[in-house]
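Subject: Handover of a structure

Dear colleague,

Please find below the structure that I am handing over to you. I would be grateful if you could read the notes after it with the structure open.

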Amino acid sequence: MKPLRVLIGCETSGRVRRAFDALGHDVWSCDLLPSVDGSNRHIICDVRQLLNDGWDLMAVMHPPCTRLCNSGVRWLTKPPQGKTLEQMWADLDEGAGLFSDCWNAPIERIAIENPVMHRHAKERIRNYQSPAQTVQPWWFGEQALKATSFYLKGLPKLVATNKLTPPAAGTVERNSWARVHRAPPSADRWRLRSETYQGIADAMAEQWGGFALKQVAA
Ligand SMILES: C[S@@+](CC[C@H](N)C(=O)[O-])C[C@H]1O[C@@H](n2cnc3c(N)ncnc32)[C@H](O)[C@@H]1O
């Protein structure tokens, strides 16, 4: 069967790229920054420059969202120290513009990972639709708690592959499952917090790749 042409946008870790690559797809990652693994299948550019290049499937792995998500809405009325309100609204326009361009790209199958958005963000996105699903890493065999929402177009919801049972609230074990949220401040904290879990990356490649392959071959 002919491999799929797959674009993984906004990814430096290479996690999702490698999961599709392991299944034989013609997959490329793209980010404004270099990839951590030094792969020659990584393109350093604005993902918007690649949207018209004939992909079968695109997954955008958590484009910058601090100004779009519910937790950031307070900054739109009271900016953080060192920032102006004007800057905060400009950041919102920039983040919503990137999401909107990816969401409306001429690609049949699109997945975008992003938290649930506030109303100002939704209003700025062309053809906005609610996230199709919110998953947890522990649905995919990972001992971790982190709600992850997917906006999906032309792709099915991910199905759990190995559901674990999270430890009870208030226990030391549960705190260790939430470790990514609690990572101490460091230059790499944002990277650690936003890296896709292996179990989720594998499920994307198997389930979305398998689904798209059948459609393309039909
Ligand atoms: C929250 S991180 C996502 C990391 C990803 N989950 C991973 O495993 O590498 C957001 C990424 O989006 C990238 N980014 C921001 N704007 C972009 C753009 N216009 N085109 C491509 N990448 C962009 C950033 O450089 C950053 O690496």
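The notes below go from the overall fold to single residues.

The model is predicted, so local features are reported only at pLDDT of at least 70 and side-chain atom pairs only at pLDDT 80 or more, while totals for chains, interfaces and linings use all residues. Residues are numbered from 1 along each chain as its sequence is written.

Overall fold

The protein has 6 helices and 7 strands; helices (H or I, at least four residues) and strands (E, at least two) are DSSP runs numbered from the N terminus. Along the sequence they follow the pattern β-α-β-β-β-α-β-α-β-β-α-α-α. The radius of gyration is 18 Å, close to the 17 Å that the globule rule gives for 218 residues, so the protein is as compact as a globular protein of that length. This radius is taken over C-alpha atoms, and the rule is 2.2 Å times the number of residues to the power 0.38. Buried residues make up 33% of the 218 residues. A residue is buried if 20 or more other C-beta atoms lie within 10 Å of its own, exposed if 12 or fewer, and partly exposed in between, with C-beta atoms placed from the backbone.

The sheet

The 7 strands form an open sheet with mixed pairing, in the order β3-β2-β1-β4-β5-β7-β6; two strands pair if DSSP finds at least two bridges between them. At the edges stand β3 (42-44) and β6 (133-135), each with a single partner strand, so one side of each has no neighbour in the sheet. Within β7, Ser 149 is the bridge partner of Thr 134.

Helices on the sheet

Helix α1 (residues 15-22) lies across β1 (5-9), β2 (26-31) and β4 (57-60), and runs at about 175 degrees to β2. Such angles run from 0 to 180 degrees between N-to-C directions, with axes fitted to C-alpha atoms, for helices over the stretch in contact. Helix α6 (residues 198-217) packs on the sheet as well, touching β4, β5 (110-113), β6 and β7. Contact means that the C-beta atoms of two residues, placed from the backbone, lie within 7 Å.

In α1, 6 of the 8 residues are buried, so this helix is largely enclosed by the rest of the structure. Among the buried residues are Val 16 and Phe 20, and their cover includes β1, β2, β4 and α6. Gly 24, which follows α1, has a positive phi near 90 degrees.

Single residues and the ligand

Trp 28 is in strand β2 and counts as buried, with 22 C-beta neighbours inside 10 Å. Leaving aside residues up to four places away in sequence, Trp 28 touches Leu 7, Arg 41 and Ile 43.

Most residues other than glycine have a negative phi. Cys 10, in the loop between β1 and α1, is not a glycine, yet has a positive phi of about 55 degrees. Asn 127 also has a positive phi of about 55 degrees; this residue lies in the loop between α3 (119-124) and β6. Cys 10 is buried, with 21 other C-beta atoms within 10 Å, whereas Asn 127 is exposed, with 8.

Around the ligand there are 20 residues, the closest being Cys 10, Ser 13, Val 47, Met 61 and Ser 194; a residue is near the ligand if its C-beta atom, placed from the backbone, lies within 6 Å of it.

With kind regards
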